[in-house]
Amino acid sequence: MASENPRTIIIDNGSWRIRAGFSDSSRRLCFPPLISRFKDRKSNETFLYCGEDVFVDSVTKSSARRPSDQNIIVNFEAMESLLDYTFLNLGLDTQATGVATPLVIAENFHSIQYPRKRMMELLFEAYSAPSLSFEIDSLLAFFQNNGSTGLVVSCGHSFSHIIPVYDGTPLLPSAARLNWSGARAISYTADLLGLKYPSASRRMTQYQAESIFISQSFVAPDYSRAVGLLSSASTFGLISREVQIVANFPSTLEATDSISGAERAAQKTDIRGATVIEAASRGPVATAMRQRDTIISKLLSLEKNSTEANIRRHAANKARMRDIALLACDNGSSTSQKATSRNRSNKAKEEQDDLFGIDDNDWTIYQDLKSQGVVETFSADARDLVKDLEAVQNRMSGSGIDAVSFRRIKYSRTLSVFWGNESTMNNALTLNVERLRSLEPFFNPSIAGLDSAGLPELAAHLLGTEFQSISGSLAADIFVTGGCCLAGGFRSRFLNDLARLLPENEVLRVRLASDPIWDPWQGAARRNEVSEHRDWISRSDWEEGGAEYCVARTRIMNSSRK
């Protein structure tokens, strides 16, 4: 392609969040890579939810799934749905014109050949992409933070890697990997709490465990000493915290594209670090939304009452049929001989009383009840509520909320975890050693049953064995990125543990990424601006060389990129 870089679409295809946007635009997307399908039995229609929309309902949330397994894409049908969702929100009509903009895909290190080949096939054949470029997310973050020579330590959601970089060239064959990540740390936190509170494992969701891990976990400077503080009553409170699990919490609806600034939900951050979302309480739109929610609640209550009534009628019919069967059995000689005189008299009385149905005119009572409106009470009430609901929806449409705005409604979930020092909270869980242990395997993997060296030992091996001649240059810039490095004490613990493993005169400099979440995306956008050219795989390369050629070329591009 020409040396002048065109406008590109950058997609950071992470396993925790997908971040996408145009390289020259401040509008970006960030959503979890989740999809969920829901089939409406009445209309026989199937609805697809992507990203944050899967949390709108308990049914869609329970059936949500990811397209990847440990950052390896295995479900390309789900991946195609997420790409449709991404391009739609970026304003592209892929069905009419496809994607006429070059694409940059940021992915985790050491993506295997088959998923990358399928991804190329999907983008070239289904979306008619003109050209593609695959890059490693941690190296893009290193570039965004003005790195040239050093060790790139990536603590990702699926794996952790250490990649040496010399003069802008990544030395990928010498990279090291640790099978501990943010996803495993979250799962480990849930398992520890499940052992401590068996009932909590049934009530706690994956997203609540993630909230506890992000808000409460930290890295101890000395793990053994920190655990020792828990044995004393005077120092127990320094580490111990209490969190409250909210089992059932409502969803707050915020129409972001329609309501005015005064009606928008006020988002504040309190001193404990929890986010408080206050729903808008003024304005005609908010009033109509409250009326709509009230009507829907009444409909659900009617449906519940109808279901309970059906259950009671079913039980009564079963009891009636059982009595009839017993009466029929009483006509047999063996049963009559075993029955006592008291039972015979009772059953004879029942036979005399239970004469309904012998006369055909007895069945006309149901027609009388139906004509009086007894049977149709529930359906009549439901019809009235449906009419009221349609009227409210019409008023909301007249207030400016159209179909497009409803499609863009943002579902803001109230926090599922609150924490404090109150001992009287309901559903409270006491966290102490769990706050330390979920992140400790990054430095001591054996604590989680892994037969591997920690990140400091892997870095010391690279500096002291494989790259002794340039170890001074690499040790002078050790760059740590990834969401887990945001935990308190991560940088200081890594620096202290690594310093113990290296000679005393070794100069060490460990720095964290300025923005571990967005640095890969911003690095790709910056690279598109300042680089004279970027290595692209064009559609003609795909058509002429085939999949194997293009995949082999991406490996060469990543290993020789500056």
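These notebook entries record what I looked up in the structure shown above.

**Entry 1: the model as a whole**

I began by noting that this is a predicted model, in which local features need pLDDT of at least 70 and side-chain atom pairs count only at pLDDT 80 or more, while totals for chains, interfaces and linings use all residues. Residues are numbered from 1 along each chain as its sequence is written, and side-chain values use heavy atoms, with hydrogens and water left out.

I then looked up the secondary structure, and found that it comes to 20 helices and 23 strands; helices (H or I, at least four residues) and strands (E, at least two) are DSSP runs, numbered from the N terminus. Of the 562 residues in the protein, buried ones make up 41%, where buried means under 20% relative accessible area, exposed over 50%, and partly exposed in between (1.4 Å probe, protein chains only). The accessible surface comes to about 30100 Å², and 50% of that belongs to carbon and sulfur atoms; such areas come from the Shrake-Rupley method with a 1.4 Å probe, and for residues only the protein chains shown count as cover. Among contacts with a separation of 6 or more, residues 24 or more positions apart account for 70%, a contact being heavy atoms within 4.5 Å.

**Entry 2: an open sheet**

Next I followed an open sheet of 6 strands, whose order is β3-β2-β1-β8-β9-β23 and whose pairing is mixed; two strands pair if DSSP finds at least two bridges between them. Because β3 (28–31) and β23 (537–538) stand at the edges with a single partner strand each, one side of each is left without a neighbour in the sheet. Strand β1 (residues 9–13) and strand β8 (residues 103–107) run parallel and are joined by 4 bridges, and I noted that Ile-11 has Ile-105 as its bridge partner in β8.

Helix α2 (residues 76–89) packs on this sheet, where it touches β1, β2 (18–22), β3 and β8, and its direction makes about 145° with that of β3. Helix α19 (residues 519–530) lies across β1, β2, β3, β8 and β9 (131–136), and runs at about 150° to β1. For these angles, axes are lines fitted to C-alpha atoms, for helices over the stretch in contact, and the angles run from 0 to 180 degrees between N-to-C directions.

I looked up Val-243, which has its place in strand β14 (residues 241–245) and is buried, with a relative accessible area of 0%. Val-243 and Leu-431 are 188 residues apart in sequence, yet their C-alpha atoms are 7.4 Å apart in space.

Trp-542 lies in helix α20 (residues 539–559) and is buried at a relative accessible area of 10%. Leaving aside neighbours within four places in sequence, I found Trp-542 in contact with residues including Lys-117, Met-120 and Phe-124.

**Entry 3: salt bridges**

My count of salt bridges comes to 14, a salt bridge being a side-chain nitrogen of Lys or Arg within 4 Å of a carboxyl oxygen of Asp or Glu. One of them joins Asp-24 to Arg-7, with the closest N and O atoms 2.7 Å apart. This pair links distant parts of the chain, since Asp-24 is in the loop between β2 and β3 and Arg-7 is in the segment before β1, 17 residues apart. Asp-24 is exposed at 53%, whereas Arg-7, at 43%, counts as partly exposed.

Arg-500 forms a salt bridge with Asp-497, again with 2.7 Å between the closest N and O atoms, and both lie in helix α18 (residues 490–501), 3 residues apart. Arg-500 is exposed, with a relative accessible area of 60%, but Asp-497 is buried at 13%.

**Entry 4: nonpolar cores**

Finally I looked at the largest nonpolar core, which has 46 residues, and in which Phe-442, Leu-455, Phe-490 and Phe-494 have the most contacts; such a core is a set of buried Ala, Val, Leu, Ile, Met, Phe, Trp, Tyr and Cys residues joined through side-chain atoms within 4.5 Å. Helix α16 (residues 455–466) gives the largest share of this core, 6 residues. Apart from it lies another core, of 34 residues, among them Ala-20, Phe-31, Met-120 and Phe-124.
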